[in-house]
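Have the structure open as you read.

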Amino acid sequence: MKTKDIYKVFGIAPSTMSDWSKEDNKKNILAQLLKGISLEDVKKIVESQQYETPKPMMLLSTVNCSIGNKKKHYTLTGLKKLFYKREDLSTYDKYALKTIKNEALQEEIEDFTKYYKISPKRVHEVLLSL
């Protein structure tokens, strides 16, 4: 592909491609790959992909939007672990679970549990225990 095509498809600026193309740059191989692949092949790959935000992000967003302190925000894995905690829940853990119970859509919870293979029964028990 030409540099202008790389910019149109991926948004990689020509100056960035120039930097990546230098032999001592860590992304030199990526630059070579992008320049070596045909525009038609890239279009086929891009068209065949489904670009959709992972559904578990919806639940994470619901929880984190209700927590003002960004240092206390959850990761997807951290949120998953809430349903398996054996020790006492912290104030933030309880708050996150109450947020899920009161504000999250059923679809968000279902998508999250399917993605992480969490038993719906387990989720139900944890949310009822609050």
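A crossing of two helices is called right-handed if the near helix is turned clockwise from the far one by less than a right angle, and left-handed if it is turned anticlockwise. With that in hand, the crossing of H5 and H7 is right-handed, while the crossing of H5 and H8 is left-handed. Keep in mind that this is a predicted model.

**H5 against H7**
- H5 packs with helix H7 (residues 91-103) at an angle of about 115°, and their axes are 9 Å apart.
- Angles of 65 to 115 degrees count as roughly perpendicular, and that makes H5 roughly perpendicular to H7.
- On the H5 side, the contact is made by Leu 59, Thr 62 and Val 63; on the H7 side, look for Ala 96, Thr 99, Ile 100 and Glu 103.
- Sorted by class, the contact of H5 with H7 has four nonpolar, two polar and one charged residues.

**H5 against H8**
- Helix H5 (residues 56-65) also meets helix H8 (residues 106-116): their axes come within 7 Å and cross at roughly 120°.
- H5 and H8 are therefore oblique to each other.
- From H5, the residues involved are Pro 56, Met 58, Leu 59 and Thr 62, and they meet Glu 108, Ile 109, Asp 111, Phe 112, Tyr 115 and Tyr 116 in H8.
- Seven nonpolar, one polar and two charged residues make up the contact of H5 with H8.

- Ser 66 sits in the loop between H5 and helix H6 (76-81).
- What does the side chain of Ser 66 make a polar contact with? Its partner is the side chain of Thr 99, at 3.4 Å.
- Leaving aside residues up to four places away in sequence, Ser 66 touches Tyr 95, Thr 99 and Glu 103.

**H1 against H4**
- Helix H1 (residues 3-10) and helix H4 (residues 39-48) have axes that come within 11 Å and cross at roughly 10°.
- H1 and H4 are therefore roughly parallel to each other.
- H1 brings Asp 5, Val 9 and Phe 10 to the contact, and H4 brings Leu 39, Val 42 and Val 46.
- The class tally for H1 with H4 is five nonpolar, no polar and one charged residues.

Notes. Residues are numbered from 1 along each chain as its sequence is written. This is a predicted model: local features need pLDDT of at least 70, side-chain atom pairs count only at pLDDT 80 or more; totals for chains, interfaces and linings use all residues. Side-chain values use heavy atoms; hydrogens and water are left out. Axes are lines fitted to C-alpha atoms, for helices over the stretch in contact, and angles run from 0 to 180 degrees between N-to-C directions. Helices (H or I, at least four residues) and strands (E, at least two) are DSSP runs, numbered from the N terminus. Angles under 35 degrees count as roughly parallel, over 145 as roughly antiparallel, 65 to 115 as roughly perpendicular and the rest as oblique. Contact means heavy atoms within 4.5 Å. Ala, Val, Leu, Ile, Met, Phe, Trp, Tyr, Cys and Pro count as nonpolar, Asp, Glu, Lys and Arg as charged, and the others, Gly among them, as polar. A polar contact is a pair of N or O atoms within 3.5 Å; within protein, one must be able to donate a hydrogen and the other to accept it, and residues adjacent in sequence count only if both atoms are side-chain atoms.
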